[in-house]
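Visitor: I'm new here and would like a close look at a single part. Could you take me to the cavities?

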Amino acid sequence: MKGKWKQNLHIEPPEGWMNDPNGLCYFGGFYHVYFQYSPGTPDGSSVRRWGHYVSKDLLSWKYKGVVLDADIPEDRDGVYSGSAVTFDDHVEFFYTGNVLEEGDYDYVLEGRGANVIFVKSSDGSSMSPKKVLLRNSDYPDFCSCHVRDPKVSFENGIYKMVLGARTKDDKGLVLLYEGATPETLEYKGSLTAPEMGYMWECPDMFTIDGNKYLAFCPQGTERGEFKFQNIFHSGYFHVDGDVLSDFEEFDYGFDYYAPQTFALPDGRRLIIGWMGIGDDAYTNPTTEIGWQHCLTIPREMTVDSDGNILQKPIRELDGIKSSAKAVDGESWVELPFELNVSDFEDDAKISVSGAEVTWNKSTGILSLHFTNGEGYGRTERKVKVDSINNIKIVADVSSLEIYINDGRYVMSTRFYPEYRQVRVAADGAKADVSLLRLKDTLVAIGEALIDFIPNKTGCEFYEVGNFAPATGGAPANVCGAFSKLGGKSRMITKLGKDPFGDVITRTLNEAGVDTSYISYTTEANTALAFVSLAKDGNRVFSFYRNPSADMLFDASEVTKEMLTDCYALHFCSVSLGDFPMKDAHRTAITIARRQGAIVSFDPNLRFMLWDDKEALKNVIWEFLPNTDILKISDEELEFITGTSDIDEAIPSLFTGSVKLVILTKGKDGASAYNLNGVVDSVGPVVKATDTTGAGDAFIGSFLWKLKSLNIGTEDLASCPLDVIKECLDFSNKYCSISVQRSGAIPSYPEFEEL
């Protein structure tokens, strides 16, 4: 299954290849993480771009798409690593544009262009025209063609930049630049050290508590038993003037490279690394199912009394931890979780599935190794430690980050267990485990299809000249609205293994929707729907769905993992016919309810899909008692309840678990009913251009607003009416923007527009 090893806590690419984190910053109320990205090629074979994620809390991350592409002569072969400098009203980015000339070159002394390129952004996503600041001819004469990865800071009115470089005689170093403006950066000198390889990548100069550090990634150092165990590695010097201390590695595990640091408004300095490495012998099985690599959890950096950097997971993780439970002998624990180990005896052994951490007191060796094939070629990594006080392990679905002695040493690795429930054991030490549950994702189950939109409206179906394809399906649209507002969403469906299925997947990915649990089949095609708007204003649909791929999704394909982080599960009636998808809904609802998620139901009636309208009504009443939120339109009310009088209908709708009923009334706004009574909301008066997906925009934005206010299942029934009105007002405003544009997901505004 495509989503089998998808992480819960770590940033991953929606598909394709990810490597170095870039441009880390806090701007406009969001944390921004940019990254090296090769979409469509999980082996990293396509040209590098910059992908972009944002977060409000460092926990829930939304993919914003590709923001820098290789589209000028000076970066035609890749938008390589770089950094960001923030100001009150804009962000400035500096990166390396990679150019490989055609011909018989060694690409070390000739044939490669390494250009420092500058862009600005007012919102972190839209970029100004690119400006080339430095080319090969601008670097010192002793440099080879390998000069890259600008890390820039702005201090006391001066821009300061460090660049990684390789000399013509194969020595690694860092170039130092300063200038009053980006355009006036001048070379001021270099820093280097003996026996530290032929190239220094990803440099970073920063201070913590008055201590100055130079971090970088040396290439070409000799591998040892306890030092430089990977083919490439990263670490730092403590800097005192021109004097560099002994080199300390950031991470002694299998998967860590190219970290970058950035400062937060609260004074913390965080570091994020690429949880991968190039050109080593081990592999990642996700490559075969569409993506590869992730980034580490952001880590807080502090300094001990000797000036050594300590790393620990961000404190925000504490807010999603369950109460700690002792590990007695061995336990079976569901990923993700945090394991805290203390009170070490002479020797100790800690196991997380096939990954084993052993401590030998007499030799002072702490080892991380695999006892089975979950490491996919990863064997053993070791670190010399005088004594062990504590170990913290953050275990996500397919990664381990091991923090030793308050983060004095760290070991990171990918691992790929067969199941989410893994064996945890600790011999020779005390261990407590806490589940990490980030229940922030809207999950929708049902149809995702291609809507063919007419080139003209207000006419009969046969009078339409052309239809243009667009991604649709009510559950998919709801996911799109939730994600475009900055939330995390996931679509559960089945698509045909055909070009239309590819279009839907890509469109949802671009909107920030997680598609890793979408399955694909050759047994049926992706569903199609032709839509037209008649003279009387009613929409006319013609569905090609007999059967379509989504109808074949069955209950056996629904897993608990799909809903582990579920805040709300949303569904409609289109997929509740007498075919396998109906049972899949039952299973998903059962799992969601057991996990305390909100269950949201929008019948979204499509009569032409039902031979028997009574069967449609019956299935609505069958599923209604297992939902928490019911959203219906005024047009659907009489069909479902037998009366058009909402006051008469309301008592019957509060059946089973229903806690909140929302009645949408088009341009007249919406009303909501719970135990406290009723509240009304009227949206802005606008001239509608296209109402396609407006109801989906409403419920998607409503669920997002509930989540932003931390309203859970237990709060819905007695939620104050003024809070419900705030949510209705938000959704009405959201829809008022959407209906002035064409299409469904493309018409949905992002949060910044509101």
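Visitor: Which strands each supply at least two residues of the lining of the largest cavity?

Guide: Strand S38 (488-492) and strand S40 (513-514) do. A strand here is a DSSP run of E with at least two residues, while a helix is a run of H or I with at least four, and both are numbered from the N terminus. S38 gives the largest share of that lining, 3 residues. Before we go on, a word on the model: it's predicted, so local features need pLDDT of at least 70 and side-chain atom pairs pLDDT 80 or more, though totals for chains, interfaces and linings use all residues. Residues are numbered from 1 along each chain as its sequence is written, and side-chain values use heavy atoms, leaving out hydrogens and water.

Now, the space itself. A cavity is a set of points, on a 1 Å grid over the protein atoms alone, where a 1.4 Å probe fits but cannot get out, and lining residues have an atom within 4 Å of a point. The largest cavity has a volume of about 380 Å³, counted as the space filled by probe spheres set on points joined across faces, edges and corners. Its lining has 23 residues, and Glu12, Tyr53, Trp61, Lys488 and Asp514 lie nearest the centre. By class, that lining splits into 9 nonpolar, 8 polar and 6 charged residues; Ala, Val, Leu, Ile, Met, Phe, Trp, Tyr, Cys and Pro count as nonpolar, Asp, Glu, Lys and Arg as charged, and the others, Gly among them, as polar.

Key: 1 Å grid on protein atoms, 1.4 Å probe; cavity = no way out; pocket = protein on both sides within 12 Å on 5 of 7 lines; lining within 4 Å.
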